[in-house]
Amino acid sequence: MSLPNIEYQDKLRNYVLQMRPVFKPNALFSDETENYVTPMEPDPGDTVTIRFRGWKDNIDAVYFISGSMRLAMSYEKTEGNFDYFKIRLVMEKETIHYFFEVHAGKIRCFYNKRGVSKDLQDYYAFTIAPGFHTPDWAKGAVMYQIYVDRFYNGDPTNDVENREYYYIGDYAQKVTDWKKNPAFMGVREFYGGDLQGVMEKLDYLQDLGVDVIYFNPIFVSPSNHKYDIQDYDYVDPHYGKIVNDGGTILGEGDILNAHASKYIQRVTDKANLESSNTYFVQLVEEIHRRGMKIILDGVFNHCGSFNKWLDRERIYERQQGYEPGAYISADSPYRSFFKFNNEHDWPYNPFYDGWWGHDTLPKLYYEQSPKLYDYIMEIGRKWVSPPFNADGWRLDVAADLGFSNEYNHKFWKEFRKNVKEANPNAIILAEHYGDPGFWLRGDEWDTVMNYDAFMEPLTWFFTGMEKHSDEYRGDLLGNAEAFTGAMSHHMSNFLAPSLQTAMNELSNHDHSRFLTRTNHKVGRVANLGYEAASENVDVAVMREAVVMQMTWPGAPTIYYGDEAGVCGFTDPDNRRTYPWGEENQELIAFHKDMIQIHKKYPVLIHGSLKFLEHGHNMISYGRFSAEEQVVVAFNNDKESHKISISVWQVNVPLHAEMERVMLTDAEGYTTESAIYPVETGEVEIELPGTSAIVLYRKTV
């Protein structure tokens, strides 16, 4: 028997190694979208296929790792330039966390939500929560936030009157000049916007491309922001319909709201309250008839000092049909709703806990009151059920509810059950700053207002400004490394169904207007003045941000008036009125065109996301599936730059063409088509100063 030819075997091994393609770590990819997890939102008992992608003939083995389980994935197919591996698992009730281990020759690496890593980083593991579903209508939906008092006055008969009541150091004020800037402490000044005004502008919203209207609070309240709710059961007649008017305003010098008979009649008379609820039903019916949805603002952490359960202002004290408030009487049926710190000071006990110490915002004490708990659960069900049929809740300061973290999670688990039983297709969307992952595990919130993984990184990159305009940081302006790092880190705290429904805003009622941030002025209206908010703003930067907003995973949400060029520092200056008749029509047209692009290509709703080339002031990424590819690139510099983008990473063939569907720069924008050739997987683009480009390709 002859011995093996060792020299020949060595030559053969070296030949094989030379023929192996150079390892391409940028080809490795998986995520939690339906492109790589099928079904994306499984139920317990479902069989799920999980996929992993690598460069063709480039990988020896891929292992699926979850806890103590390490399973070899099987080869599934070769498609284009990529090999795909898969594993099939039957889901149980428990959430699973997983990542991948890749072997290629002597190379061994891991892959998780942040991409390729040399060392294991199980913090960034992929996650599937069986039984967790978010409404399909909310995935990628174009939302529009309306601060009702400042949008449009459709019914002057329900306007708040001068001296109608007294609140936080001054009388209620009726503003007669729609263009007046909001007063610095103007919580009790009213411009007259109402639900009829929204009804009359539905054609405008539909033409803009809006899918969902999100209302700031609309329930009975003494302020224009209405986060100090007086009655959770009724729409404020000042927003709805006043059918029984009468009484008198407060006399000059009289600050006792027990004498405010006009206000008392307007907000306690059941005819006014019921007619306002009825009008809301009509509005929702019309919104639904147009194929749109509606989200209400739920303020359940605290209420207001005017609230009928407390009645500090003695508005309900002598009204028929109302029981005494907890401020009025120690025997009030609502005494347990609040945490009183002096148990011997009735009648008129002012010693109760206020949220952040504000006595106008009494903290609700669920832990000691099953009755309060049941009441709010009923409110949660009521407004998403017939006849009101709202399509979900935005939850104000949701992480603050309760007096302990343990109770907070218990409450939101039960709230989810109640709302979803009443309306399985309703969304539960929370306001939250910081890591929302503890609430996004499939059994509490659906998603959040997306600050950490959208508004903040985007704002720093495009403007160098903090979201309140309180700080400018030149080191973050155009810093692509900081942007991609922040985005990938914070996005890892979301499950895919939460990310696809996240409310992606550039501005809202709590922060400066995005257009104002483009002028790099640090401060607030109190020290800079109103005019500074619109000085030296850069609409081209705003257009860049809108391109990202409309091409990023999630629900792009427009704060009323942003599309029309409204400016303003942080609240209350960000609550200026919509400028009817004086809109920036070009900016509105741009929003319409970008919304059409967002809706035209399904890959922008459900597609995977991958960062591509980036550098100082330069970012590019792809949204892709097997059927469609979109590549988006930004040049936030004032000078033009050429960029070469490796589009092969997002399933574009090595030799192909991509169509330009949007280009915006300092001079304006165009949707005129242009063809960009792809050579050896790269596309070269000359990007003008302050520009963004959107390229599209569909697999034939």
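Before anything else, I note what I count as a cavity: a set of grid points where a 1.4 Å probe fits but cannot get out. The model I am looking at is predicted.

Entry 1: How many cavities of 30 Å³ or more does a search of the whole structure find? I find three. The largest cavity has a volume of about 90 Å³. I looked up its lining and listed Glu32, Val37, Met40, Glu41, Pro42, Thr127, Ile128, Ala129, Phe132, Leu495, Ala496 and Pro497. Two elements, β10 (126-128) and α10 (496-499), each give two or more residues to this lining. By class, I see nine nonpolar residues, one polar and two charged around the largest cavity.

**Entry 2: the next cavity.** The second largest cavity comes out at about 50 Å³. Among the residues that line it are Asp149, Asn158, Phe190, Lys226, His238 and Tyr239. Its lining divides into three nonpolar, four polar and three charged residues.

**Entry 3: a strand inside.** I turned to strand β2 (residues 47-55) and asked how many of its nine residues are buried. Eight of the nine are buried, so β2 is largely enclosed by the rest of the structure. I then looked for its partners. Strand β1 (residues 37-38) pairs with β2 in the antiparallel sense, over two bridges. There, Val37 stands opposite Ile50 of β2; I had already met Val37 in the lining of the largest cavity. Strand β6 (residues 82-90) also pairs with β2 in the antiparallel sense, over nine bridges. In that pairing, Arg53 stands opposite Tyr84 of β6.

**Entry 4: an open sheet.** A reminder to myself: strands of a sheet pair through backbone hydrogen bonds, either parallel or antiparallel. Which order do the eight strands of the open sheet follow? I read it as β22-β21-β20-β19-β16-β11-β24-β23, with parallel pairing. The edges are β22 (447-448) and β23 (503-505), and each has a single partner strand, so one side of each is left without a neighbour in the sheet.

Strand β21 (residues 427-430) runs parallel to β22 and is joined to it by two bridges. Ala430 has Val448 of β22 as its bridge partner. Helix α7 (residues 405-422) packs on the sheet and touches both β20 (392-395) and β21. I noted its direction too: α7 makes about 150 degrees with the direction of β21.

How values were computed. Residues are numbered from 1 along each chain as its sequence is written. This is a predicted model: local features need pLDDT of at least 70, side-chain atom pairs count only at pLDDT 80 or more; totals for chains, interfaces and linings use all residues. Side-chain values use heavy atoms; hydrogens and water are left out. Two strands pair if DSSP finds at least two bridges between them. Helices (H or I, at least four residues) and strands (E, at least two) are DSSP runs, numbered from the N terminus. Contact means heavy atoms within 4.5 Å. Axes are lines fitted to C-alpha atoms, for helices over the stretch in contact, and angles run from 0 to 180 degrees between N-to-C directions. Buried means under 20% relative accessible area, exposed over 50%, partly exposed in between (1.4 Å probe, protein chains only). On a 1 Å grid over the protein atoms alone, a cavity is a set of points where a 1.4 Å probe fits but cannot get out, and a pocket is an open set with protein on both sides within 12 Å along at least five of seven lines; lining residues have an atom within 4 Å of a point. Grid points are joined across faces, edges and corners, and a volume is the space filled by probe spheres set on the points. Ala, Val, Leu, Ile, Met, Phe, Trp, Tyr, Cys and Pro count as nonpolar, Asp, Glu, Lys and Arg as charged, and the others, Gly among them, as polar.
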